[in-house]
Every structure is written in C-alpha cells, then in structure tokens.
Amino acid sequence: MQLSSLLYKVPLQATAGSMDTDVTHLTMDSRRVAPGSLFIAVRGTVTDGHAYIDKAIELGASAILCEALPDQTPEHVTFVQVADSARTMGLVAANFYGHPSKKIRLVGVTGTNGKTSVATLLFRLFRSLGYRCGLLSTVQNQIDDTVIPATHTTPDAITTHELLVRMLEHGCTHVFMEVSSHAVVQERIAGLHFAGGIFTNITHDHLDFHKTFDNYIKAKKGFFDQLPRAAFALTNADDKRGAVMLQNTLARKESYSLQTLGTFKGKILADGLFGLEMDIDNRQVWFKLIGRFNAYNLLAVYGAAVLLGEDPDDVLTQLSGLMPPPGRFEQVISDDRIVGIVDYAHTPDALQNVLETIAEFSQESETGRLPQVITVVGCGGNRDAAKRPLMAEIACKFSQRVILTSDNPRHEEPMAILEQMQAGVPPIDFKKTITIEDRREAIERAVALAQPHDIILVAGKGHETYQEIKGVKYDFDDRLVLREAFANRGKA
Ligand SMILES: CC(=O)N[C@H]1[C@@H](OP(=O)(O)OP(=O)(O)OC[C@H]2O[C@@H](n3ccc(=O)[nH]c3=O)[C@H](O)[C@@H]2O)O[C@H](CO)[C@@H](O)[C@@H]1O[C@H](C)C(=O)N[C@@H](C)C(=O)N[C@H](CCC(=O)O)C(=O)O
Ligand SMILES: Nc1ncnc2c1ncn2[C@@H]1O[C@H](COP(=O)(O)OP(=O)(O)OP(=O)(O)O)[C@@H](O)[C@H]1O
Ligand SMILES: N[C@H](CCC[C@H](N)C(=O)O)C(=O)O
Ligand SMILES: [Mg+2]
C-alpha cells in the first residue's frame with residue numbers, strides 16, 4: 001500500500017522522503033523488519049524503539065514512523081514524524097488492514113476482574129446462538145474452533161487488526177475482546193471501532209505500572225471515552241466507579257445491577273457449589289457458574305447480548321447451559337472427596353470473592369465435621385508488589401491453613417516475594433501459615449494436610465500451563481499437579 005494511503009487522516013508533524021513509497025508490512029519491532037516494512041518506533045518501558053531505526057533501515061525498511069526525525073535521513077527511506085507513534089500505529093494498522101472492526105461487531109470488556117469470564121461467555125453464547133465469532137482473551141484467542149495462543153490479554157494494534165481480518169475472512173460477525181488497562185495506556189486499541197464496551201469492576205491491581213489508583217481508573221475510563229456514539233457503554237451500577245466510567249462517553253449509557261437500579265436487574269435466588277439460580281428481568285434461570293461475582297458476569301453478558309439485539313429468552317436459555325472458562329473456579333475432586341478448586345484469583349479482590357464464596361459453601365457439609373479451607377497462593381514477580389501482603393492477609397482471614405508459595409517469580413527472588421507476602425500475615429495467624437517456595441511441593445503439602453470434604457483453593461494461575469522463572473517458562477499446571485497429588489495420596 002502507498003504510504004500516503006496508509007497515512008490517510010493520520011495527523012503528521014513532518015515528513016522527509018517520498019510519500020509514494022510502497023509499504024508491504026507493518027512492525028514495531030526492528031527484529032521483524034523485512035524489505036518493504038514500515039517500522040514504527042515506539043518508546044517502551046525497557047527501551048526506546050527509536051534506538052533501532054538504523055537496524056530497521058539495514059534490514060530493508062522502506063519507511064520509518066517516529067516521534068523525532070534523525071539529523072540526517074537516508075534518501076531511499078521515507079521518514080514520518082508524529083506526536084504519538086503508539087497511537088498512530090493503531091490508526092495506520094486500521095488503514096492498512098481496511099478497518100476490519102467496522103465490518104464486524106466488536107465488543108470490548110474492561111475491569112480489574114471478570115474480563116476473561118465475560119468475554120469468553122459472550123463468545124460461547126453467540127456461538128450457541130448460531131453466529132461465527134472471534135475471541136481475544138488472556139487464556140487464548142479463538143476464531144470459532146481454531147485456537148491461536150495468546151501472549152497478552154490485549155494484543156498490540158497490528159496483531160489485533162491481523163486477527164480481525166482473519167476473523168472476517170472466516171465469516172465472523174461478532175468479536176469479543178478483553179481491554180486491559182495496559183492496552184488503553186499503550187494505545188493498543190487505537191484505530192478500533194467498537195460496537196460496545198462493558199465495565200466489570202475496579203479494585204487494586206497493576207499499581208506498579210499505573211503508579212496511582214487514580215491513573216488506573218483513568219486508564220479504564222479511557223476506553224469508554226473513545227467509544228463512538230453508536231456504541232453502547234454497559235457499566236456495573238453496583239461498583240463505586242461504575243458511573244465514573246461513563247462520565248465522558250458519547251456512547252449510549254446502560255447499566256446492570258444486583259443491588260440498585262439499572263437497565264438490567266438481577267437477583268440471586270440460590271447460590272451453591274452446584275451453581276446459581278437468578279431472577280433476571282422477571283425470568284428465573286439456573287446457571288452452571290458459581291459465586292456472587294459470577295452473577296455479575298452473567299448479568300453483564302445478558303445485558304450486552306440484549307443490547308446487541310438478541311432475544312432475552314433465547315439468551316437466557318443458551319446462557320444457562322454454559323460452563324465457566326478454564327481455570328475459573330475449576331474443580332478437581334479426589335477419590336476421597338477432597339474438593340480442589342483452581343482459580344485465577346491473582347488480585348486481593350478476586351481472592352476475597354473466591355474465598356467468601358467457598359466459606360459460604362463449606363458450611364453446607366453434612367459430615368458433622370466442619371470442613372477446613374486450605375489456601376495455596378503466591379504473587380507474581382515483576383508485578384504490583386503492593387498486593388502481596390494484602391493477598392496473604394485475605395488468605396489467612398478466610399482459611400484454616402495457608403501455604404504461601406511462588407507464582408511466576410519472573411526476574412525476582414521467590415523468597416523476597418514471599419517475605420513481602422509474610423508481612424501481611426497477622427501474628428494470630430502465624431501458626432496456620434507455612435511458606436513453601438516450590439509450588440508443586442506446596443500443593444502436595446496442602447493435599448497431605450487435607451481430610452475428606454476439606455476444600456483446597458489453589459489460587460493465582462488458573463489456566464496457566466507454565467511457571468515463569470528468570471525468563472524461562474517451565475511446564476506447570478495447577479490442575480495437573482493437584483490431580484497427581486490426589487492420585488499419589490492413596491499410595492502414600
Ligand atoms: C509493561 C508492558 O506492558 N510492556 C509491553 C511493552 O513492552 P515495553 O514497553 O517494555 O517495550 P520495550 O521492550 O521497552 O521496547 C520498546 C519498543 O522497542 C522495540 N524494540 C525493542 C528491541 C529491539 O531489539 N528492537 C525493537 O524494535 C520493541 O518492539 C518496542 O516496540 O510493549 C510490548 C509490545 O507491545 C509488550 O509485549 C510488552 O508487554 C510485556 C511483555 C508484558 O508483560 N505486558 C503485561 C504487563 C501486560 O501488558 N499485561 C496486560 C494484562 C494486564 C491485566 O491483567 O489486566 C495485557 O494486556 O496483557
Ligand atoms: N466479576 C468479578 N468480580 C470479582 N472477581 C471476579 C469476577 N469475575 C471473576 N473474578 C475472579 O477473578 C479471577 C480472574 O477472572 P478473569 O480471568 O475473568 O478476570 P480478568 O479480568 O480477565 O483477569 P486478567 O486481568 O488477568 O486478564 C477469577 O478466577 C475469579 O477469582
Ligand atoms: N494478566 C496478569 C496475570 C497475573 C497472573 C499471575 N499468575 C502472575 O503471573 O502474576 C498480569 O500479567 O499481571
Ligand atoms: Mg483476562
């Protein structure tokens with residue numbers, strides 16, 4: 001495509017070289033430059049893409065998009081200067097790929113917790129309603145049955161556009177995607193045309209990246225600020241910041257609620273390890289998902305589906321048959337009835353929600369002995385450190401035994417992370433807390449400590465199939481390790 005067409009409606013500051021140059025490929029990574037590429041120099045958190053312009057030219061880039069022109073520009077390469085290359089990348093990607101998001105109904109989900117759950121349920125719901133669909137999520141990307149591994153919760157703008165084109169070619173009519181706060185700040189969603197946006201909730205996370213809670217709120221709100229007038233903006237009316245999200249949006253304002261007024265009203269009628277019974281818009285329905293937080297997710301999905309024009313009865317019928325996404329309250333039961341729960345709770349709020357849900361149900365046992373809750377939990381390295389003591393404190397508050405362990409230490413020392421978690425353990429709970437650095441050993445110890453009908457929560461990794469230590473991803477799956485530990489229990 002001609003560079004001038006690629007830059008259609010893109011605000012430019014300066015150019016050097018021919019605008020007729022042909023561009024055959026876009027990339028923000030010099031290591032991926034091939035002859036004919038447009039290399040987009042983006043300032044990152046570790047390094048600055050501008051430092052790789054020479055490398056990109058060496059590898060045959062035909063044009064460079066950047067925020068600062070070098071003193072001398074070679075004649076055979078065109079330079080384009082813009083104010084914000086990350087944002088421009090999204091606009092250029094939209095031009096290059098022919099605005100696929102305008103030809104499909106794209107719905108984004110943002111919030112601290114529940115994005116994967118809501119996006120995945122919407123994807124499965126619309127498929128069961130007969131549509132071809134796409135999904136961009138933390139667990140995986142999907143085009144109907146074809147799974148494409150995900151590296152991020154929200155891919156970069158070029159990858160997203162590429163995937164949307166593939167989805168269109170496959171005949172997809174609807175795409176559901178998670179919109180992380182990182183993605184909003186890094187402009188990964190620039191150039192996308194959304195048919196709707198959904199807000200789940202906002203609590204403590206990612207303060208390592210956003211620095212303050214206010215910045216974090218602003219990042220989430222930024223998604224709604226960008227929605228077009230024709231879109232819907234569906235918020236959680238029961239969340240303190242639910243209304244804030246919609247303050248400046250042009251989109252149609254809608255809400256869902258279990259507690260107050262909202263476009264979509266729900267009520268929990270029954271809640272147990274078997275599922276949820278809810279009243280939604282005066283219809284009583286059973287769902288296979290567990291816990292109050294999932295009542296919110298279901299209501300958000302229902303509301304979005306109705307806003308997308310689906311019949312409420314059809315939506316509820318299909319929704320009642322859906323299973324939770326992998327690693328979300330996934331149960332692994334031992335032969336002697338120990339209940340293992342693997343859940344992706346990796347924030348204080350998620351951990352508290354899951355443990356409160358478990359606490360409610362652990363009183364239901366009919367064995368005469370009150371089941372104990374054993375929680376195995378860790379916190380990721382090179383991520384928000386402020387949540388570490390909080391998560392340990394919450395684990396102690398709601399469990400009879402707590403095993404603190406590692407969760408993707410990345411480039412940090414596992415024991416240093418664990419010491420920060422230990423700082424949150426109240427003195428009264430020292431006795432019930434053990435620290436075991438190796439996650440497999442920690443899970444095995446939980447199984448050894450458990451008796452029939454006890455509940456073991458293994459929190460933080462959910463669907464993940466690896467443990468990341470010093471840049472290497474080792475195979476590790478909480479569900480498999482738990483199953484193995486249960487199987488070995490009989491043999492000990
Ligand atoms: C903190 C963060 O978000 N980092 C993302 C960011 O990387 P960065 O800012 O560190 O980039 P950088 O390494 O400084 O490089 C700057 C630029 O130089 C380029 N470069 C670099 C080296 C080179 O040789 N040549 C070259 O051209 C890079 O391609 C890049 O364009 O931009 C990269 C390209 O898009 C992302 O892959 C990377 O995600 C990292 C891997 C990451 O772990 N991100 C996490 C925190 C994240 O985004 N998480 C959210 C979910 C959070 C949630 O749970 O809600 C997500 O959406 O996945
Ligand atoms: N609506 C909700 N409110 C609070 N907690 C929730 C909600 N939905 C799910 N959770 C909890 O949060 C965990 C993560 O859920 P989910 O993967 O859907 O969130 P996410 O927003 O996609 O997370 P990430 O930011 O890591 O992508 C779940 O395993 C569950 O413990
Ligand atoms: N999307 C989140 C996932 C955290 C999951 C947890 N297992 C960890 O590695 O910290 C992040 O990148 O911060
Ligand atoms: Mg997610």
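How many nonpolar, polar and charged residues does the shell around ligand 2 have? The model examined here is predicted. In this model, the shell around ligand 2 has six nonpolar, twelve polar and five charged residues. Ligand 2 is surrounded by 23 residues. Gly-114, Lys-115, Thr-116, Ser-117 and Ala-350 are the closest. At least two residues each come from helix 4 (115-128), helix 10 and helix 12 (348-362). Helix 12 contributes the most, with four residues.

Ligand 3 has its own shell. The residues around ligand 3 are Thr-138, Thr-153, His-346, Gly-380, Arg-383, Asp-407, Asn-408, Gly-460, Lys-461 and Glu-464. Six of these residues are polar and four are charged. No nonpolar residue is found in the shell around ligand 3.

The overall fold was examined next. The protein chain holds 16 helices and 24 strands. Along the principal axes, its C-alpha atoms fill a box of roughly 80 × 55 × 40 Å. The radius of gyration of the protein chain is 24 Å. A compact globule with 492 residues would have a value near 23 Å, so the chain agrees with that expectation.

Packing between helices was then considered. Two packed helices are described by the angle between their axes and by the distance between those axes.

Helix 10 spans residues 292-307, and helix 11 spans residues 312-319. Their axes come within 10 Å and cross at roughly 145°. Helix 10 passes helix 11 in a right-handed crossing. On the helix 10 side, the contact involves Leu-298, Val-301, Tyr-302, Ala-305 and Val-306. On the helix 11 side, Pro-312, Val-315, Leu-316 and Leu-319 meet them. This contact has nine nonpolar residues, with no polar and no charged ones. Helix 10 also supplies at least two residues of the shell around ligand 2.

Helix 13 (residues 387-398) packs with helix 14 (residues 414-422). The axes of helix 13 and helix 14 come within 7 Å and cross at roughly 60°. Helix 13 and helix 14 are therefore oblique to each other. Their crossing is right-handed. Helix 13 makes the contact through Arg-388, Pro-389, Met-391 and Ala-392. Helix 14 brings Ile-417, Gln-420, Met-421 and Gln-422. By class, the contact of helix 13 with helix 14 has five nonpolar, two polar and one charged.

The last pair is helix 15 (residues 439-449) and helix 16 (residues 478-489). The axes of helix 15 and helix 16 lie 9 Å apart, at an angle of about 45°. Helix 15 and helix 16 are therefore oblique to each other. Helix 15 passes helix 16 in a right-handed crossing. Arg-440, Ile-443, Glu-444 and Val-447 form the helix 15 side of the contact. Asp-478, Val-481, Leu-482, Ala-485, Phe-486 and Arg-489 form the helix 16 side. Six residues of this contact are nonpolar and four are charged, with no polar residue present.

Key: Residues are numbered from 1 along each chain as its sequence is written. Chains are lettered from A and ligands numbered from 1 in the order in which they are written. This is a predicted model: local features need pLDDT of at least 70, side-chain atom pairs count only at pLDDT 80 or more; totals for chains, interfaces and linings use all residues. Axes are lines fitted to C-alpha atoms, for helices over the stretch in contact, and angles run from 0 to 180 degrees between N-to-C directions. Angles under 35 degrees count as roughly parallel, over 145 as roughly antiparallel, 65 to 115 as roughly perpendicular and the rest as oblique. A crossing is left-handed if the near helix is turned anticlockwise from the far one by less than a right angle, and right-handed if clockwise. Two residues are in contact if their C-beta atoms, placed from the backbone, lie within 7 Å. Ala, Val, Leu, Ile, Met, Phe, Trp, Tyr, Cys and Pro count as nonpolar, Asp, Glu, Lys and Arg as charged, and the others, Gly among them, as polar. A residue is near a molecule or strand if its C-beta atom, placed from the backbone, lies within 6 Å of it. The radius of gyration is taken over C-alpha atoms; the globule rule is 2.2 Å times the number of residues to the power 0.38.
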